[in-house]
Amino acid sequence: MDLRQLEYFAAVARHRHFRRAAESLYVTQSAVSQAVRRLEAELGLELLRRRPGAQPPVEVTPAGEDLLARAEAILADVAQARAAMDEHAGTLRGGVRAAATAGDALRVAAELARFGREHPGVRIALRQCTGTEVVDLIVSGDYELAIAALPEGVTVPEDTVTATALRAEPLVLLVGPDDPLAGASGLKLWDVRDRPFVLAEPGSALRGSVLRACAEEGFGPVPLFEVGEPAAVRMLVGAGLGVALVPESWAVVDGPEVGVARVAAAAARHELTLLTRTGGAVGPVARLLAEHLRAALG
């Protein structure tokens, strides 16, 4: 057996699913299947029992459970050995998988780019998804860390995930470039109660923050557009199709010219959280990237 076979087998055993294991490894499903078949043939044992149509579609046999514990220990030792040798060489190598909620991926991507320039030997992967999906990716171990704006009702299991609150970003109102409100300070949201709003997608933390800020002033916004991507929001606002209450960093996104107004609502804040695996489950590259993100966004 070799390390790659153990890595692929361990991924399938954790996920109880060949396709999801392949996605987490960034390889094809056929490559994972072939590696597991070769491993089973070499050992003369069935490690994973395929169950088409069942949930989950893969069952780990007693022999597989025994090998999984040993494989995870071996893979952890190899990762620690590589990290120790990198320290001797004065370099940082390896890979890290990060996730971010849709509206926050732009800020995270900028920091990942800076981290990548500082550590060219590191492979970085970034996945954009919802707040609920972000937590699931960290819990499953597929991703080492995430930056997320967590919607109300999303719980973080403290036994497997460490949540660190980052700097709360103020929300600003984007309006058309020639709008009389452009450049205003201390604006009351009540003044735009009759305007159409560009809101983030339902279930997102940003949408919840905007609804709370508007409710604080006694109205509910009319969402003609439900868009959570910063450039698309600027496009719609710049065309005069609505106003948008968004994180301050969105005001400098490349795109059509827009006007910016500062609002007085106390609830107009965008809360970010750094999520990492608890304890020794975080590798050296992920730990260093987490420190970088804490310094940049915390």
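**Reading a pocket and a sheet**

Guide: Helix α6 gives the most to the lining of the second largest pocket, with four residues. This is a predicted model, where local features need pLDDT of at least 70 and side-chain atom pairs count only at pLDDT 80 or more, while totals for chains, interfaces and linings use all residues. Residues are numbered from 1 along each chain as its sequence is written, and side-chain values use heavy atoms, leaving out hydrogens and water.

Visitor: Which residues line the second largest pocket?

Guide: A pocket is an open set of points on a 1 Å grid over the protein atoms alone, with protein on both sides within 12 Å along at least five of seven lines; lining residues have an atom within 4 Å of a point. Here you'll find H15, R20, E23, S24, R127, E133, D136, L137, S140, D142 and Y143. Helices (H or I, at least four residues) and strands (E, at least two) are DSSP runs, numbered from the N terminus.

Visitor: And the sheet: what order do its five strands take?

Guide: Strands pair if DSSP finds at least two bridges between them. This open sheet goes β4-β3-β5-β13-β6, with mixed pairing. β4 (122-129) and β6 (161-165) are the edge strands, each with a single partner, so one side of each has no neighbour in the sheet.

Visitor: How many bridges join β3 to β4?

Guide: Eight, and β3 (residues 94-101) runs parallel to β4. To spot the pair, look for A100, which sits opposite Q128 in β4.

Methods: 1 Å grid on protein atoms, 1.4 Å probe; cavity = no way out; pocket = protein on both sides within 12 Å on 5 of 7 lines; lining within 4 Å.
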